[in-house]
Amino acid sequence: MIVGVLKEIKDNENRVAITPKGVQEFVSKGHELLVQKDAGIGSGFSNEEYEDAGAKLIDAPKELCEKAEMVMKIKEPIKDEHTYFRKDQVLFTYFHFASMKELTDNMISSNAACVAYETVELEDRSLPLLAPMSEVAGKMSIHIGAHYLAKFAGGKGILLAGVTNVNSGTVVIIGGGVVGEAAAKVALGMGANTTVIELRDERIEEMKKLYPKLNLVKSTPENIANEVPKADLLVGGVLVAGAEAPKLVSREMVAKMAPGSVIVDVAIDQGGCIETSRPTSHSDPVYVEEGVTHYCVTNMPGAFPRTSTFAITGATLPYALEMADKGWKNALKENPALLKGLNMIDGKITYKGVSDAFGMEYVEPEKALG
Ligand SMILES: NC(=O)c1ccc[n+]([C@@H]2O[C@H](COP(=O)([O-])OP(=O)(O)OC[C@H]3O[C@@H](n4cnc5c(N)ncnc54)[C@H](O)[C@@H]3O)[C@@H](O)[C@H]2O)c1
């Protein structure tokens, strides 16, 4: 198969979809690898390393996409890239369609097959291609929040860790999945008073056993309204797979937080779980609403590309190789986890969370594949 790897163009996005080691694996199995020039630079991989691994470097992204049967990326295609894709081609990347109507419409028009990293799902309902980046973003959320609590950064001047004879700060995390657990680990490690608000009882019990010092609260509107005003740092980490995030924190609740508090809404890539959240970028990451600093960057792991590229490519490589080895249609038919990733094909939406988000028609993926 001819596989193409695009250079990311989203603001400050320095991850790359395949490492030179990954290229070697494809090439050793007889596949042809086209890598856009400079695609790996931000993650510390030179053009020469890709060439030595057996890739052919291509300068123009459009030309690369014309030739490739499978295109791999990290983030969703940005507007300039929307016209690059075509029928009988598979695009393997993060999409987060449910929060992006224009992207959804344009990918429908392209007729390409869109396999979304974030909805590939194993039998136990875990999301193996979302989890590595959620761990990065969850851990980052506490570092970032701690930074914006500093007075010089517009914050209320509370050190989350506290000091001798002075109380620690309070971190409230909504959603106890991968983001929530990673954030809780770092917050507890710092010594912050840490609360996780989670919906599933079995997950609450599991986390209680793992983290005895963690305060666990069942997610109800009353409990959220009660916990949010106590937060120096509020982290949004809920997910209903593939669907737009539920708005669990209202503007009124945000207004009850003390001025100079901080919100990091990690769930912003699915639209955000806080009413006052709107997407921001690494070059302009925060804004203030109701006296509270909001950080809502949609590609947080892009800030630590070296760590993140190793983490994400380690997870995606086996699926990408399977699509190349078997042909992507056969791989989708044979691997139920991968089939869950199919959000669109031939202009039809094959993921319920996406069709529901826009009131569009849903077609069973098996049927759409033919
Ligand atoms: N901004 C970024 O750069 C970035 C990076 C990685 C992940 N994310 C996003 O972070 C979000 C969380 O990802 P994850 O991997 O932790 O998902 P996950 O599925 O592991 O965890 C989500 C948790 O939310 C819980 N939940 C669902 N509804 C809830 C409710 N009403 N109240 C409380 N909890 C509820 C679920 O039970 C689950 O435990 C996703 O939207 C993901 O795309 C964003």
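The points below go through a predicted model, from its overall form to single residues.

1. Overall form. The chain of this predicted model contains 14 helices and 15 strands. Its radius of gyration is 21 Å, close to the 21 Å that the globule rule gives for 370 residues, so the chain is as compact as a globular protein of that length. Along the principal axes, the C-alpha atoms fill a box of roughly 65 × 45 × 35 Å.

2. Burial and contact order. Of the 370 residues in the chain, 51% are buried. When contacts with a separation of 6 or more are considered, 64% of them join residues 24 or more positions apart.

3. Division into domains. The chain is divided into two parts, with domain 1 made up of residues 2-119 together with 304-369, and domain 2 covering residues 131-298. The C-alpha centres of the two domains lie 30 Å apart.

4. The contact between the domains. On the domain 1 side, 17 residues are in contact with 13 residues of domain 2. Two elements of domain 1 each give two or more residues to the side that touches domain 2, namely helix H10 (305-326) and helix H13 (352-358), and H10 provides the largest share, with 5 residues. By class, this side of domain 1 divides into 8 nonpolar, 7 polar and 2 charged residues.

5. The ligand shell. The ligand is surrounded by 35 residues, and the closest of these are Ser134, Gly175, Gly177, Val179 and Ser219. At least two residues of the shell come from each of helix H5 (131-148), helix H6 (178-190) and strand S8 (193-198), with H5 giving the most, 4 residues. The shell comprises 20 nonpolar, 10 polar and 5 charged residues.

6. In soluble globular proteins, nonpolar side chains tend to be buried together. Here the largest nonpolar core has 113 residues, and those with the most contacts inside it are Met70, Met72, Val90, Ala113, Cys114, Val171 and Ala183. H5 supplies the largest share of this core, 8 residues, and the core draws at least three residues from each of domain 1 and domain 2.

7. Surroundings of Met72. Which residues does Met72 touch, not counting those up to four places away in sequence? They are Val3, Val5, Ala17, Ile18, Phe92, Thr93 and Ala320. Met72 is also one of the residues with the most contacts inside the largest nonpolar core.

8. Surroundings of Val115. This residue is found in strand S6, which spans residues 113-116. Val115 counts as buried because 29 C-beta neighbours lie inside 10 Å, where 20 or more are required. Leaving aside residues up to four places away in sequence, Val115 touches Val90, Phe92, Leu338, Gly341 and Leu342. The C-alpha atoms of Val115 and Leu91 are separated by 6.1 Å, although the two residues are 24 apart along the chain.

9. Positive phi values. Two residues other than glycine may be checked for their backbone angles: Arg125 has a positive phi near 75°, and Glu290 has a positive phi near 55°. Arg125 is found in the loop between S6 and H5, whereas Glu290 lies in the loop between strand S12 (286-289) and strand S13 (292-295). Are these residues buried or exposed? Arg125 is exposed, because 8 other C-beta atoms lie within 10 Å and the limit for this class is 12 or fewer. Glu290 has 17 C-beta neighbours inside 10 Å and therefore counts as partly exposed.

10. Lys29 in its loop. Lys29 is found in the loop between helix H1 (20-28) and strand S2 (32-36). With 11 C-beta neighbours inside 10 Å, Lys29 counts as exposed. Lys29 and Glu63 are 34 residues apart along the chain, and their C-alpha atoms are separated by 24 Å.

Conventions. Residues are numbered from 1 along each chain as its sequence is written. This is a predicted model: local features need pLDDT of at least 70, side-chain atom pairs count only at pLDDT 80 or more; totals for chains, interfaces and linings use all residues. Domain bounds come from an automatic or database domain assignment. Two residues are in contact if their C-beta atoms, placed from the backbone, lie within 7 Å. Ala, Val, Leu, Ile, Met, Phe, Trp, Tyr, Cys and Pro count as nonpolar, Asp, Glu, Lys and Arg as charged, and the others, Gly among them, as polar. A residue is near a molecule or strand if its C-beta atom, placed from the backbone, lies within 6 Å of it. A nonpolar core is a set of buried Ala, Val, Leu, Ile, Met, Phe, Trp, Tyr and Cys residues joined through C-beta atoms within 7 Å. The radius of gyration is taken over C-alpha atoms; the globule rule is 2.2 Å times the number of residues to the power 0.38.
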